[in-house]
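Student: Could you please take me through this structure? I have not seen it before.
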Amino acid sequence: MHHEGTVIGGRGRRDRWRRAAAGLAALAVLALAACGKHEDPTNLLPREKKEERVVNLFSPMEKMDPEAENVARTASDLTVMMAEEQLGVTMVYRTYTAEDYQDKTYDDVTLDRVRSNMDDLYLLNPDTLMALGAEGALMDLSELESVQNLREIVLAANTVDGKLVAIPQEVVAYGLFVNKDLFDQYQLELPETPEEFLECCRVFKENGIETPVGANRWWLETFVFAQAYADLYNGGNVEAEIAALNSGEARYSDYMRPGFQFLQELIDRGYIDAEKALVSEAIEAEGPDFLAGKTPIVMAYWGAANTETAYGKTDFTMQVIGFPSSRGRMPVVSTTGFGIGARAEHREDALRALEVMTSDEALQLYAETNRVISPSKNVKVDCVPALQPLSDRIEEGVYVLGSNAGMRVEQWGNTCLIVRELLGGASVDECMAAFDELQAAALK
Amino acid sequence: MNRKSNQKERRRGLTLFLSIVLVFCILGAVVHQVARRITREMSASAIQNLSESLDLIQCTIEAILHSEAEFQALIAQEIARVEDPEAYVRTYERNQTVSKMALILAGRAEGISNTGERFTEEGLDFSAGGTVNGMPVSQSYINHMGTWSYTIKCPVERDGRTIGTLYAEYVYDAVDRALPGGFYNKQASLYIMDAESRRFVLKPKGMGQRNAGHLNLADFYRANSIQDAAIQAEVEDCLEQGENILFYHDIRGRNALNYMWPVNGGTVFLVGYVPVEAIQQEGRAVNQNIFIVVAAMLIAFLLCVLFYYLSWRQQNKLHREQEEERRLHSQQLSEALRAAQIASESKTTFLSNMSHDIRTPMNAVLGFTTLLATDAENPAKVRAYTKKIVASGQHLLSLINDILDVSKIESGKVVLNLEEFALNDVVSSVEAIIQPMAKAKGQAFHLEVTGVRHEYLVGDETRINQILINLLSNAVKYTPEGGSIWLRIIGLKQRSSQYEHIRIEVEDNGYGMTPEYLEIIFDAFTRAENSTTNKVQGTGLGMAITKSIVELMGGTIKVSSEVNRGSLFQVDLELRVQEAQADRQFWEQRGISCVLLVDGDPESRENILALTEDTGIRLMAVSGSEEAAAWMGGGGDCQLALLDWESCGLPAALALRELLPENVPMVLLAELDGEGVEEALGRLSPAAVLTKPFFVSAFREKASELWAEPGEVLLPEAGAPADLRGLRFLAAEDNAINAEILAELLEIEGASCEIVENGRLALERFQRAAEGEFDAILMDVQMPVMNGHEASRAIRALERADAASIPIIAMTANAFAEDEKAALDAGMSAHVAKPLDMELLRRVIRQCTMKERS
């Protein structure tokens, strides 16, 4: 009995060993098989070649500051990404920025590119969109669903010959950016009227501030618009007055003259360095002095107060107010919108992308990121404290338009050019003559 | 020893730790080296890779330029052949590659273009001297389409004569179309730079960051913080020479490989950067994998070490526990050994003490016996000597009894003899023994009973007596003359209604005990002082016996003591309560339903109330005669009055007598020998005295005395010694001396005795004897041939008339209760322990013979 038991035990142990050995061998074989596995001889590349849908987006290029994120651009990027995600298209950025004043301007290049069908989607300044809209080079966007959400003022400013040619992502309001600390230092009230403004400049100049107003070749026209159209847009008789201008009964030059005279005075008294301004790019030239507290007053757009690359971060108390006018501080509102080339290669995709980019969802994201005034009636966000005075005026409905597609003579671009003439030494009368010429041409 | 091994262990642990660290370091170093090598190799191959990619792009762009130039040359040839070259150019349609074509005929400053306007070379800058296939190429500019472009000019030759120059404008977008959508997973950035103006003329789509860009080289430097003059100079040099350059520089915080790659002999450059991460992706992946493997190995290794450590610790713990156990064990062993040694020592001491203690009375016995022999003629001396011999003998006997008691208790042979008893009997018998002893030493003995609810209990009365007498005799013994001794019996809170929980306290203000002695007081064979040096004699076993008995009864004993202050013993016992039926009947039969209690001490009142609770009597307790008067006046009726003599006194007693009807007797509760109580009795008649403490049983006896019929005489206590004159005994005794003593003693008593040597002889003798020949048989138990028990059984089994009735009295040195029981079981009539107490023997014989007669 005992003997038998031993035999059984011995066999059991041997079996166990055998089983373990077999298991190990199986593992080894598997491992070897895994190592020696031949690669699949078929094509390694994915068979389905995805059809790549592209929308070319032309916009000005921001010069990159490696230390700061470009907030304005980021906001727009977010909506672009939203469009890419929803539509499966690739938005290809094409950019241009003039290196200096001798270069072609962004607007010039935009005009050329739209006319040559170089791209699909363009970020257009008011003057170019007016010109291109008139030429019929831009698609009519009024069919887009997002149009229903847009504010009246936005629609009015972007409609040319009954066609909505551009949709903005923000309503750009221009204002005076002032160094409140310097005003307080010299016990100055923030100016309401042109006279008060001149008085402030006088005090600054007397106190050793060589050039109280920092200017560039782009935005001095805002002073002119504020004084020219304060009554037109806030007098309650807008349509009639515009009709009179379009019919030739009223003259643009009559509206423009006080503003130009005011600029002339600023130049004559040395409150503006005309020569420098003529060759200066926006913010690049006057920004550093303003930030350094050397220049108490500059002009810029709403978003500059949010953007670190502009005036988003100052060491002093900054306030943004309207331009001086007979009706007090006056914001100048303008829009920079996206338009689509009428003969663009990918215009259908561009249209769909724009639909997404101007949807309430996208505009909400945009407005929240940049804290700007949204063109959509349904989107409202709080602004930074510095912008509160400007925001209050706009909320009151007090502002002038920097561009109006309803006017036969394009305002934004032309006025800019004529102001440059003034900076270049032309007299106010010569400038007014230029306006009369433009009006005459428009009436033909 | 321990410290040394600890140190050794610590050193070993440190060595192990250091070895692990060393292994880690070596492994780390190897991994680091391998990783570095991989990185280096990967980096080299990445540079190679990048160079090849750039070469490819360069070749592509150059191929485009050459194709364009060749194409233009072909057009020029074509134009040379046509009649009106200008017309040809004007009608040439623009396409994606050639955005403008113009011709200036030889000798003219102006020409025509296919865009329709006049054409001059103004605005085109060929000064840099760049060429494609030998044809001059202009600097890059933005053309009328708003895009960067360049113009190549080519002579139009007819018959070896130059008839004009053909200008063709190409846009960089054509290059863009030919380039891939991005490289290095779109992380690389690529610009095309016009060499002369250093302006960036093309940012191919998909190459580089999309939310920013650069205008020119200076901007590129600024934006990417490439401000190192040496690098800039080197780049400048390469640009001049039209050579490649590749250098490392951080771009937006990431290490990147920057490059400038000349195209077409340096007319344009490819400029950009690739983050090193992107280039070394594979290398990094490999390194990461190596790291993961190494980390996994390290973790596995650490786990192994951890497991090893844990198991080592576990084993160590086990080992330690075993060690500890072993140590404990050996400690216990040594303690046991020591205890055994102490026990043996104390037994030796005891034996030597005993030897002394036994020799002392023995010496007296033998000495006085010798003196007896000498002074046999002098009766006065003889009597004195015999008295002393008896005293010594008795002391010797008590010694032997104690020793036997202890050995019995220790061997577990003691059995409690549970019987009904009254607490009163115990207390009074103890008091009767202790009071004279205390009195003899001039000590005050106080007895208090409080809180006891039941006095009729079930227990081993003899053993309880033993406990009390042991404790109290010790107290008397160890208290100097004039001291005090207290015996308190306290009723504790009952844990069960069936059991009376009592505490017996024996306190004295005597010598007390040292703390050391307190620890061993209950051990056998110990004594407060060594008996050879102490006047106090004793066996040293009393306390051991006491404790053993208490524990046998399920009780506890505690002692506290201070030297020269006295001692306190506390014994807690739980004793079953008797059924109280008989008691109730007693009172009912005598018509006693209400008793008036007059007692000035509230505590005492409470006690009496508690004790009488179960009797069925209503006890009306008042504090004095006034209160009693009030109660009586209010119609109170009682059959008996109980008055506390000490708290009320004679006046109150007399007042109460006045109040009570004449036939209602008074019982005075007084201390033993209470002052004036005997005298008062006459004035208070009918009255009786009840000795404190109050017990219902005693009270009952008093009541029974008071209610006795005038003719009724209470039976006197049995045992009035009767003489044995004329009686004839048969005695079985194997020991000749004992036999002789017995015979002598009986002879003195006037009885005769026939002695046989064992049970069998006794049996045979009795068989032979005529009926009535012997009045009784005195039977030793341990005898040869036939022992007493067997003999008794045999006698009882005889078939003769007196076999069953003849008294057989066991006379044995087996003196315990069990022995007595065994004797009775064997059919004997009574049991008398040796050595012989003639008094006792007389009484027992008397009883037996009277019983037989009746």
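Student: What should I know before we start?
Tutor: This is a predicted model, in which local features need pLDDT of at least 70 and side-chain atom pairs count only at pLDDT 80 or more, while totals for chains, interfaces and linings use all residues. Residues are numbered from 1 along each chain as its sequence is written, chains are lettered from A and ligands numbered from 1 in the order in which they are written, and side-chain values use heavy atoms, with hydrogens and water left out.

Student: How many helices and strands does chain A have?
Tutor: Chain A has 17 helices and eleven strands; these are DSSP runs numbered from the N terminus, helices being H or I with at least four residues and strands E with at least two.

Student: And chain B? How many there?
Tutor: Chain B has 23 helices and 30 strands.

Student: Turning to chain B, in what order do the five strands of the open sheet run?
Tutor: The order is 27-26-28-29-30, with parallel pairing; two strands pair if DSSP finds at least two bridges between them. Strand 27 (752–756) and strand 30 (830–833) of chain B are the edges, each pairing on one side only.

Student: How many bridges join strand 26 to strand 28?
Tutor: Four bridges join these parallel strands of chain B, residues 728–732 and 776–779. B:Ala731 of chain B stands opposite B:Leu778 in strand 28.

Student: Which strands does helix 20 of chain B lie across?
Tutor: Helix 20 (residues 759–768) lies across strand 26, strand 27 and strand 28 of chain B, at about 150 degrees to strand 26. Contact means heavy atoms within 4.5 Å; axes are lines fitted to C-alpha atoms, for helices over the stretch in contact, and angles run from 0 to 180 degrees between N-to-C directions.

Student: Is A:Cys200 buried or exposed?
Tutor: A:Cys200 counts as buried because its relative accessibility is 4%. B:Cys59, at 45%, counts as partly exposed.

Conventions
Buried means under 20% relative accessible area, exposed over 50%, partly exposed in between (1.4 Å probe, protein chains only).
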